Amino acid sequence: AAAPGCVPIRVLVATVAFGMGLNKRDVRAVVHFNLPRSMEAYVQETGRAGRDGASARGVLLLATRQSGSACSSTDAVLLRSWAHGVGVDVAAVRRLLCRLFPADFIRRAIASALQAHTQGAPRGSNTWRVSHTAVIGLDELEADVDADQATAQTLIGYLALAEPGMAQLQPNTHRRCAVRFTRTDLGKLAESHRIFALIAQLAAEAGVPAAPARRKGPTARFAGAKRPASVIDVDIFDLAARMDVDPADVVSELYQWRGRREVMLDWQAPSCVVGVSLDMGCYVDADDSAADSETLGEILARRIDKHISELATNIGQQNEARVSDNLGRVNAIEAAMLTAHEVACRALQCATSSEAISSEAISSEAISSEATSSEATSSEATSSEAADNEATYNGVTATEDSAQDIQNTILQTAIGVYFAVTQDAREQAACSLKRLTGAVDDTLISGLLDPARSGMVDDANAAKDAIRTQVRGFVQQHSGELRSARAIARVFHGLSGPSTMSSQWMWCRDWGSLVTTDFAVVQLCAQEELVRLHCAVDSDC
């Protein structure tokens with residue numbers, strides 16, 4: 001029960017899903033315990049308050065850290081570090097593309113192209129096009145690109161956008177399924193149903209007899225089942241190829257039999273499915289007509305390899321642009337909050353010092369007739385400084401309430417700058433923001449006006465020199481376990497990934513030890529140390 005005189009308050013503690021998941025109009029306040037990832041998230045989440053039209057408040061708890069003369073948000077340091085979690089090296093993209101375009105598929109495509117070239121088939125016809133379906137286990141996919149499956153599938157999406165005819169990302173599915181027969185024997189079902197005849201054929205080819213499986217509790221078979229269950233492991237895509245149907249049709253038919261309580265299904269090996277196609281006519285030039293088959297095959301192999309390398313570079317650059325965009329979003333909201341905080345603090349400082357400044361100005365004016373020329377000049381400068389301070393805050397007497405008003409004005413203007421649609425509107429809002437911030441250093445708002453550059457390190461060499469000894473020691477000790485500079489930088493930033501699982505690396509004293517150092521600097525330093533170590537081992541380097 002509430003204490004006498006106290007008004008009970010209903011509090012909801014939520015994750016970032018709060019921004020889209022709350023349908024309540026009378027929220028009176030939204031308190032951010034941490035800095036949001038972006039200005040879009042901040043506006044969306046804060047906008048949940050006061051939707052009934054009544055007064056509401058938005059509060060953000062801003063934790064700051066001072067590094068020399070620069071001030072930053074401790075939350076922004078972590079957000080910038082997390083933004084690099086989706087980064088992928090070009091070599092990893094190349095490994096992914098080799099999964100999509102395996103060597104046997106390339107050989108088959110070249111053989112088909114040579115045949116079409118010999119027959120004189122017209123370019124653009126289906127004779128030149130070779131297709132296959134790439135099925136990659138999600139665990140294998142993450143290991144190839146050293147990133148989570150969402151990032152890996154984003155890379156495939158970039159490929160599909162860049163080359164619509166080459167790749168088409170399909171819904172994820174399970175490659176394998178353990179089919180447990182609960183009522184009727186597989187042999188009896190195979191006599192009258194094609195799908196089970198092919199399942200029996202697959203089992204026989206694999207040398208796996210349909211032996212009864214041991215029961216593991218009451219759920220091992222349906223109620224009323226009269227026979228022990230037998231289990232067959234089925235490759236869904238192999239079965240679909242034998243049936244000459246789409247894998248989705250096989251899945252649908254298996255579910256129908258499960259509905260009849262004839263089978264139980266245990267889905268395994270979740271996989272990413274990509275439809276891949278190559279138009280080999282694009283790799284043949286008019287000058288190739290005189291080449292023999294062997295020479296033309298080598299030419300086509302080189303051109304395909306070059307095209308795949310170019311695609312890997314372009315996709316890697318697109319993904320780096322995605323990382324830069326996430327960093328810019330963090331820089332923008334950090335700059336807006338720090339600027340509003342700094343201006344409000346200076347307004348309060350102005351309130352405490354305004355009386356002293358005014359008294360000094362009056363005294364200087366009172367004795368101006370006896371002052372020397374230099375003293376009179378000093379008096380005018382002091383009066384001008386006081387006037388400048390007043391103009392900076394629009395002549396408002398700085399109090400705690402007015403400081404909050406100044407913060408609100410700064411934030412509203414900063415949001416206007418960030419979401420400006422046209423360049424003219426952005427420049428106009430930026431001028432208003434600079435006029436409001438007054439004497440505040442421009443570096444504070446650079447993250448809002450130029451978020452792409454605000455996080456850049458001015459002197460990367462000095463930053464590398466400060467961490468080189470620590471990175472060198474780590475590389476010498478763990479180069480056999482972590483072979484990429486990005487993976488090494490993730491350890492120093494405490495970022496878990498397929499090759500840097502937190503459960504395996506948290507024991508390391510270097511885990512998260514350089515989270516305040518720019519990720520790009522740590523990665524560059526690690527790359528230099530890997531090259532130096534390789535050259536020390538390889539005398540031909």
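The largest nonpolar core has 44 residues, of which Leu-97, Leu-100, Phe-101, Leu-278 and Met-280 touch the most other members; a nonpolar core is here a set of buried Ala, Val, Leu, Ile, Met, Phe, Trp, Tyr and Cys residues joined through side-chain atoms within 4.5 Å. Two or more residues of this core come from each of helix H4 (90-100), helix H5 (103-119), strand S5 (129-137), helix H6 (138-145), helix H7 (149-162), strand S8 (263-279) and helix H12 (293-366), where helices (H or I, at least four residues) and strands (E, at least two) are DSSP runs numbered from the N terminus. Leu-97 touches Leu-159, Ile-308, Leu-311, Ala-312 and Ile-315, when residues up to four places away in sequence are not counted, a contact being heavy atoms within 4.5 Å. A second, separate core of 28 residues includes Leu-186, Val-250, Val-251 and Leu-265.

The model is a predicted one, in which local features need pLDDT of at least 70 and side-chain atom pairs count only at pLDDT 80 or more, while totals for chains, interfaces and linings use all residues. Residues are numbered from 1 along each chain as its sequence is written, and side-chain values use heavy atoms, with hydrogens and water left out.

The chain has 21 helices and eight strands, and buried residues make up 39% of its 541 residues; buried means under 20% relative accessible area, exposed over 50%, and partly exposed in between (1.4 Å probe, protein chains only). Among contacts between residues at least 6 apart in sequence, 73% join residues at least 24 apart.

Two of the helices can be described by their span, for which the expected value is 1.5 Å times one less than the number of residues. Helix H5 has 17 residues that should span 24 Å at 1.5 Å a residue, and its end C-alpha atoms are 24 Å apart, which agrees. Its buried residues include Phe-105, Ile-106, Ala-109, Ile-110 and Leu-114, and just after H5, Gly-120 takes a positive phi of about 70 degrees. Helix H15 (residues 423-437) has 15 residues and reaches 21 Å from its first C-alpha to its last, close to the 21 Å expected. The buried residues of H15 are Ala-429, Ala-430, Leu-433, Leu-436 and Thr-437. Seen down the axis of H15, these buried residues fall within an arc of 125 degrees, so they line one face of the helix; the arc is that of the directions from the helix axis to the C-beta atoms. The face of H15 turned away from this buried side carries the exposed residues Asp-424, Gln-428 and Arg-435.

The structure holds seven aromatic pairs, where rings of Phe, Tyr and Trp (its six-membered ring) pair if their centres lie within 6.5 Å, and planes under 30 degrees apart count as stacked, over 60 as edge-to-face and the rest as tilted. Two of these pairs are set out below.

| Pair | Distance between centres | Angle between planes | Arrangement |
|---|---|---|---|
| Tyr-418 and Phe-419 | 4.9 Å | 80 degrees | edge-to-face |
| Phe-474 and Trp-505 | 6.0 Å | 50 degrees | tilted |

Phe-474 lies in helix H18 (residues 460-478) and Trp-505 in helix H20 (residues 502-505), so their pair ties together parts that are 31 residues apart in sequence. Phe-419, in contrast, is partly exposed, with a relative accessible area of 36%.

Charged groups also meet aromatic rings: a charge sits over a ring if NZ of Lys or CZ of Arg is within 6 Å of the ring centre and within 35 degrees of the ring normal. The charged end of Arg-123 sits over the ring of Trp-128, 5.8 Å from its centre, and that of Arg-260 sits over the ring of Trp-257, 4.3 Å from its centre.

Positive phi values also occur in residues other than glycine. Phi of Asp-146 is near 55 degrees; Asp-146 is found in the loop between H6 and H7 and is buried, with a relative accessible area of 12%. Phi of Asp-244 is near 60 degrees; Asp-244 is found in the loop between helix H10 (236-243) and helix H11 (247-259), and at 70% relative accessibility it counts as exposed.

Towards the end of the numbering, His-534 is placed in helix H21 (residues 519-537) and counts as partly exposed at 47% relative accessibility. His-534 and Ser-479 are 55 residues apart in sequence and 9.7 Å apart in space, C-alpha to C-alpha.
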